[in-house]
Amino acid sequence: MDVQDFNGQRVLVTGAATGIGRACALMLALRGAEVWINHLGQGDASAALVDEIVTAGGRATAIEADVSDPYAVAEMFACITASGPLDGLVNNAGIIQEQPFLDTSEEDWRQIMAVDLDGVYRCCRHALEGMTVAGRGAIVNISSELGHLGRENYVAYCTAKAGVIGLTKSLAREFAPTIRVNGVAPGPVDTAMVSLEHMSEEWIAKELAIPAGRLGRPEEIAAAVCFLLSSSASFFTGQMLGANGGAWMGG
Ligand code: NAI
């Protein structure tokens, strides 16, 4: 039996219209999962992904919700779980902001935390309610190498991503052995987030100086996510996989 066969499994991927989330949703669907493609204001991109999956013989539904909004997330989960609990959740939605710490206002700080940390907490909470009743499930949270390393001018982002690591490990302990909770802490990956629109040339040059000497591809992160969600990873919980081109080699 293919241990990365997700047939019969229902998986929600947040922020799945683009980048890493899109690659995760596509890979999971092509391996048999029925996927929910959460997005925020990206109806066209989500619909295109649903079409691609359905054309390939898979099952997918786009669902809009701002993960920083408790009411929108509650509504999204009510809608998804009306037809049964989730088997898998990938908390991928995220935002980044380059900003010197002393220029970071309370509002800027709260905005990053609201999406990158509170959104993960909130979706874990809803998913775990159903998974606990069902007695099965797996969660993968997307953190970042920067959650381990820290980075000047990205204090809020790094703090939120470090929070995701603590949340992942703590939930793994609290919900073991029934539900596995793991994470992936990617290095620099070639998506809209790591573009000149968001990053300085200096930042990108620094990222390219990692041992791999290149940016990662979204599919390389999706492969790690699929592994952790699958029964191949049945002895993994509370782990952060470093799909990072060698950017961080800590334990
Ligand atoms: P991306 O910008 O393509 O993906 C982020 C997605 O999250 C977008 O589709 C965006 O619309 C969605 N999103 C943002 N705020 C949202 C909200 N409030 N509610 C619902 N969806 C929302 O960028 P990428 O690179 O694919 O990022 C995915 C995740 O990977 C993020 O959590 C990011 O922090 C993390 N990451 C990315 C790295 C990179 O180098 N690209 C490195 C390490 C981590």
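Guide: A polar contact is counted here when a pair of N or O atoms lies within 3.5 Å. Please keep in mind that this is a predicted model.

Visitor: Which residue has a polar backbone atom 2.7 Å from an oxygen atom of the ligand?

Guide: Among the closest of the 27 residues that surround the ligand are Tyr157 and Val189. The polar backbone atom that lies 2.7 Å from an oxygen atom of the ligand, within the 3.5 Å cut-off, belongs to asparagine 92.

Visitor: How far is an oxygen atom of the ligand from an N or O atom in the side chain of threonine 191?

Guide: For the side chain of threonine 18, an N or O atom is 2.7 Å from an oxygen atom of the ligand. For the side chain of threonine 191, the corresponding distance from a ligand oxygen atom is 2.5 Å.

Visitor: What share of the ligand's accessible area does the protein cover?

Guide: On its own, the ligand has 810 Å² of accessible area. Of this area, the protein covers 92%.

Visitor: Which strands stand at the edges of the sheet?

Guide: The open sheet has 7 strands, paired in parallel in the order E3-E2-E1-E4-E5-E6-E7. An edge strand has a single partner strand, so one of its sides is left without a neighbour in the sheet, and this applies to strands E3 and E7.

Visitor: In E7, which residue is the bridge partner of valine 184?

Guide: Strand E6, residues 180–184, runs parallel to E7 and is joined to E7 by 2 bridges. The bridge partner of valine 184 in E7 is leucine 241.

Methods:
Residues numbered from 1 in each chain as written. Predicted model: local features only at pLDDT ≥ 70, side-chain atom pairs only at ≥ 80, totals over all residues. Heavy atoms only, no water. Pairing = 2+ DSSP bridges. Helix = DSSP H or I, 4+ residues; strand = E, 2+ residues; numbered from the N terminus. Near = heavy atom within 4 Å. Polar contact = N/O pair within 3.5 Å; in protein donor to acceptor, adjacent residues only side chain to side chain. Areas by Shrake-Rupley, 256 points an atom, 1.4 Å probe, with all protein chains shown as cover.
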